[in-house]
Amino acid sequence: MIAAAPLSLADALRAIADDPFATVIAGGTDLMVQINAGRRPVTSLVSLRNVAELKGWSTESGNLRIGAGCSYSELERPDFAAIMPALAQAARTVGSPQIRNAGTIGGNLATASPAGDTLPVLVALDAQLEIASSSATRSIAISDFLVGPKQTDLRQGELIVAISVPVLRGAQEFLKVGTRNAMVISVASVAVLADLDAQGVRIGLGTVGPTVLRGARAEAWTRSNIDWDSNRVVGNLDEFVALVRSDSHPIDDHRSTKRYRSHAIGICARRALQRVFP
Amino acid sequence: MTAGGLKTRSPRLGESAPRPDGIPKVLGEFAFGNDLWADGMLWGKTLRAPHPSARIVSVDIGPALAIDGVAAVLTAADVAGKKTYGLETPDQPVFASEVVRYMGEPIAVVAADHPETARRAVAAIEVVYELTTPLVDADLAAEGTPIHPDGNVFRHLVIRHGDPTVQGEVIVEGTYEVGMQDQAFMGPESGLAIPDDDGGVELFISTQFLHVDRDQTAACLGLAPEKVRATVAGTGGAFGGREDICLQVHVCMLALHTGRPVKMLYSREESFLGHVHRHPAKLWYRHHAKRDGTLVNVEAKLVFDGGAYASTSSAVLANASCFAGGPYLIPNAFIDGWAVRTNNPPCGAMRGFGAVQTCFAHEAQMDKLAAALGMDAVELRLRNVLKTGDAILTGQVLTGAVPVEEVIRACVESPLPPKATGAMLERPGGAGRTADAHHVRRGVGFAVGFKNLMFSEGFDDYSTARVRLQDGVATVHCACAEVGQGFVTLVQQIAREVLNVDDVIVAPADTSVGSAGSTSASRQTWMSGGAVEGACRMVSEQMERNPGASYYEATFEHHHAPTEQLDENGQGNAHVSFAFVAHRAVVDVDVELGLVKVIEVATAQDVGRVLNPLQALGQIEGGIAQGVGLAVMEEMLVIDGVVRNANFTDYLIPTTLDMPNVLVASLIEQPEPGAPFGAKGIGEPPTISSTAAVAAAIRDATGAPVIRVPVRPEHLVFAADLVS
Amino acid sequence: MTDSYSPHPAYRLMVNGEPHDVSDAWIGESLLHVLRERLELPGAKSACEQGECGSCSVLVDGVLVCACLVAAVTVADADIRTVESCGSSQSLSVVQQAFVDAGAVQCGFCTPGLIMAVQDLIDRGIQLPHASPFDELATREALSGNLCRCTGYGRVLDAVARAVEASR
C-alpha cells in the first residue's frame, strides 16, 4: 500500500495500522508545505479526504459534535455560526479562502501550533476529542491532548475522529491580532465565551504560550465581577486585563515581541469581554 | 478586430490599447520561464550556504553524484570563464569556494532527472564550514575588517552644495530607518538552457536586462557573447529583482556539462535568498530654514547596507544622495552618503532605487519642520518647491517640466474619503475582528518625491529596435524585457501611430537584435519607445523615397542626451530627466493595538504625456501597493545575517483587504522636451512617496514619531508611550 | 526516478473532464506539479508552494483550493478543473474578457489563479448574503488569498465588477 483513500473510518484505521510509516493527510494545508519543501519524507499516504465518518457536524442534547474532517469553510457558514459564533469567527481568520476550503479542524488540532486559530475556542470550551485506532477508541480533553508546541498526545495508529464541545448560552467573541488584514499567522488571539447558565466566562489564549492556554485567573475574576442578573461587568477591567496577561506566557520571535503580545492579549481580551457583556 | 463587419481602427497613442499578451495570460497559455519544457530535460537545483559568514573547509560532491538520476554536480572549480560577476563591479563569485559572505550564497548546482532527485542530491553534498563572525552592522562596516578583497565600502559619495555651513533660524534634526524590502515578484526565477551543437548555449530566461545577462553569462562560461543566445522568457514581474543575474550562469553550465537541456526554477525561499533586495538604510538629517519656512540648508548622513556584494549599490547611493533633499529648492547642502558591504543579503535595484529611502526621511523632516515653524505642512512644501530653472543638490539646473507645485495642489485639493462604513473587515485588524469603531483614529499624511529617469552619471543606456513593414504588417524587434509593465502594448501603439498601420507584431525579445538596456529606472517608454519610434520613422522615410518596395526595414539605436560624472563635490549634470509625484494617504489606526488600515492613497504625478491611460493607472496602483507594503508590513527580517522570513508566510505583501483604493487626482501632462512623444516614465514615482505619505498619516493619527518603516504594531504602541 | 524509498503509485486524474493516467510519479507530488510537469497543463502557476499566494488555484470537486497543497494521488478520480477549462482564444469566458478589458493583467503570473477565484466567486454569488450586484468588501475578502504584485488590485476589482455585471 503506498496510497490509500479509504471511504470508511475502519478502513482508514486499518490502513494506518498496517503501515506504521504511512503519512496521514487530511486537508494537506500544513503537511504539503512540509512535503513541497522537502522537509518531510513520505513513503506512503493515507488520505482522509473521503472518510465518511469524519465529515459534517451535528448537535445533540446540548453538545456539538464536529467531525475532524470539517473544513474551516464549513465552520464559517451561517448555520454553524449561529450555534458556535466564536468558532466561526476563528475559522474565518484561517489563511485564505482556498486554505479554509481545504484545511480541517482535525488538522488544526493535529498540527497543534500555538498559533492554531481554532484552538483558543476549543480550549475555552474544554473540547473533548474522540480518538480512534484500529483496536480502541478513547476520549481526551484538549488540554491533555496539546502537550507542547506542535506536540500532541496522538499516538501511532490513531486518528482524531471528532471534537465535542458544549453549546453555550451567551455571546462569544474571537479576536486575532496579525500584521496583515487577511491571510496572516496570529501574533496573539483570544476567545471569550459567555456561559450564562453556569454564570461564567470561558477564555482561551492563542500564540501567547507553548500551547494554546486557558485564561484561568481571568475566568475566575469574571465569576465575581460580572452581575449575572443584568449580565454587566461590574469589576475593574484593568484587573481583568492584568489577569489575562498573568495567564499568558508569550515569547519573542520573528513575528512579534513578548512585550507586545502581552500587551495585545490583554487589550483583545478586554475588548472581547466588553463585546460579550456590552 | 471586427465590429459590424467593419475593420475597426486599432488604438493609437493616448488610448487604452489592450495588451497583446492579455488573452494568452487570462487563458493560462502564456509561457513563463517556469513553464518551459524541452525533451530530455534535466532539473537544476542549487546548494546554498546556510550561514552568513563562514570559511568553506571542504565540499564533497561524491555522495550527490552517487544518487541515481543525478547527471551533474558542479562547483566553483567547474567555472570555465570569469569566476565572478556583477553589474558594476565583478565582485560576486558564481559559486562560493573559500568564503561564504551571505546566507543563501550558492555553493554548488545539481542537474537530475526529477526535482525531488535534485533536492536529495543537493542535500547529499557534504560541506564543512568553519563559522566566522558575520559583519552585520552597516555603521561598523567602513571601519571594520574587510570581508572582501575589494573592501567594505562600495561607495562614499559626498555632495557639497552652496555653503553647507549656513545655519537656519529654525533647525530640526531626525534619524530614520528603512527596513529591507523585497521585490517579491510573483513568478520565481526560472530559466531553461539548451546546449547548441556549436559549443554555445541557448538560454530562455525570465529577466529584465537581457543583453547584460547574456554578457555576464558568456564571460563566466568562457564563451564569446554570440555563443550565448538569450531570449526573454515570460517574466512574472521584476521590480528591480531581476536586474542582476542569479541562475543564468548555473543553468548554462549544467546544460553545457551534461549536453542536455536543463531547467532551473527557484522555490519561493530560493527566490528570496537568490536576488537582491531594497537597501535597508539609516538616515540622519538636519534641516535648516528661515522663520518664514524657506529652506536654507540640509545636512544628511545616509548609510545604505549593500550586503555582501556590490550589485548596483553605487548607483542606488547616487540616487539616494542626489535626491536626498526632496523636490525642493535647497541652496546649501552637505550629503554624506555611504554604501557599505556587510554579511547581510546583497541589495541592489528595487523600484524607486534609492529615492524611496531618502523620501521617507526628507518628508518626515518637512513635517517636523512645519511643526517647529507652526506652519501648515503643505504650505511649507509649496513655499520651497523646485521649478524649471532651479538647481538640485548636484548643481544640475532643471530644464524640463517640473510640475511640483501642480502635483502637490492637485493631490491636496482632491476630496477626502468618507468615514468608514462600519464593517469590521474594513477596520485595522481586518478579518481578526480586533477593532470596534471607537478604537479607530483617522490620520492624513502627505508626501512629495522625485527621481531621475534613465541611467545617470555618464552611462549610455541606449536601446535598439528593428522594424520591418511588409504587406501592411509591421514587425517590431526589440530586446526590451516585458516584465508586466506593458511595453508590448506601447510598441504596437507607437508603430500604429507612426506607420499608420493596424497590424503590429511584437517579435520575441532576444539577443539577435541590439541591446535595449534594462527594464528599470522608468526608462523603457523613453529609451525603447524612442528606439521603436526612430525605426518606424526610418521605415516611413523609406516608404516615401521608394513607394513600391516589397518591404521596408530599419534598425534604430536610441541614445539619450549624454550625462556627466559627479565631481569630487558631488556636483554635475549627472541625470537625463526627472519625474515628480505627490501622495496623500488616509489611514485608520487602532492606536491601542498599533494596527493600521490604509484607507485611501490619492496621487498626482508628473507623466509628461499619458500614452495608455489604463496601463498608466495600472502602474500607479501597483506602485502605490508596494509603497503601502513598505510602510506597514514588508520587511526581510535578517537577524545576525540570517534571513528569518524567506517565504510568503512571513514576508507579507498587501492582500486585497490591505490595499486601499487609489484616487488619481491628476496626471500632469506637460510634455517633456527630448522625450519621445513628450512622455516620462511612470513606473517608479508611485513607489517613491507613497510610503512616506502613509507614515505621515500614521503620525497624524497616533502622535507616534514613526521614524522607521515598515511600522510594526509594537513600535507604534510602545514608541508613543500609548500603552493603556 | 529509481530511488527505492520513493514509491510511484499509478493513478488516474480527471482534469477538465478528461482522464489522465499518471504513472512513475513520486508519491509526494502535489497536484500542481502533476498538472504542470506531467499533464502539460501549465495554466496553474507555482509561486510559493505553501498556499500563501493563490496562483495555483483550481477547483477540486467544485471547491476552490491551492493545487500546491493537494497531494495529487489523493484526488484520483475527483473532478479537477483548471484555468484551461475556462475559455479559448476564440471565446474567452466572461471573467477572462473582463480581465482583459479592465486592464487587470500585467505580468500575468497571478492571473490564472485569479480567474479561477473570480469564476468561483461568481458561480457561488447567488449564495452570498450580499444583495448588491457587486459587493466590493465581500469580493476583497473572497480574493484575499490571491496575491498580485503588479496591479495593486484596483483593476482586478474593476474586472470583477464588470464580470458580475456581465453575468447577471
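1. Contacts along chain B. In this predicted model, 81% of the contacts in chain B with a separation of 6 or more are between residues 24 or more positions apart. The secondary structure of chain B consists of 17 helices and 30 strands.

2. Overall dimensions of chain B. The radius of gyration is 26 Å, close to the 27 Å that the globule rule gives for 724 residues, so chain B is as compact as a globular protein of that length. Its C-alpha trace spans about 75 × 75 × 55 Å along the principal axes.

3. Burial and surface of chain B. Buried residues make up 67% of the 724 residues in this chain. The accessible surface of chain B is about 22,800 Å², and carbon and sulfur atoms contribute 52% of that area.

4. Charges of chain B. The chain carries 55 positive and 85 negative charges.

5. A cis peptide bond in chain B. Most peptide bonds are trans. The bond from Val709(B) to Pro710(B), however, is cis, with omega near 0 degrees. Pro710(B) belongs to the loop that runs between β30 (708–709) and α17 (713–719) of chain B.

6. Positive phi at Asp24(C). Most residues other than glycine have a negative phi. Asp24(C) has a positive value, near 65 degrees. This residue lies in the loop between β2 (18–22) and α1 (31–38) of chain C. Is Asp24(C) buried or partly exposed? With a relative accessible area of 45%, Asp24(C) is partly exposed.

7. Positive phi at Tyr153(C). Phi of Tyr153(C) is likewise positive, near 75 degrees, in a residue other than glycine. Tyr153(C) is placed in the loop between α4 (136–142) and α5 (154–167) of chain C. Its relative accessible area is 1%, and Tyr153(C) is therefore buried.

8. Domains of chain C. Chain C is divided into domain 1, covering 11–84, and domain 2, covering 94–167. How many residues does each domain bring to the contact between them? Domain 1 of chain C provides 16 residues, and domain 2 of chain C provides twelve residues. The centres of the two domains, taken over C-alpha atoms, are separated by 22 Å.

Key
Residues numbered from 1 in each chain as written. Chains lettered and ligands numbered in written order. Predicted model: local features only at pLDDT ≥ 70, side-chain atom pairs only at ≥ 80, totals over all residues. Heavy atoms only, no water. Helix = DSSP H or I, 4+ residues; strand = E, 2+ residues; numbered from the N terminus. Rg over C-alpha atoms; globule rule 2.2 N^0.38 Å. Buried < 20%, exposed > 50% of the residue type's maximum accessible area, 1.4 Å probe, protein only. Contact = heavy atoms within 4.5 Å. Areas by Shrake-Rupley, 256 points an atom, 1.4 Å probe, with all protein chains shown as cover. Lys, Arg positive; Asp, Glu negative; His and termini not counted. Charge placed at Lys NZ, Arg CZ, Asp CG, Glu CD. Domains from an automatic or database assignment.
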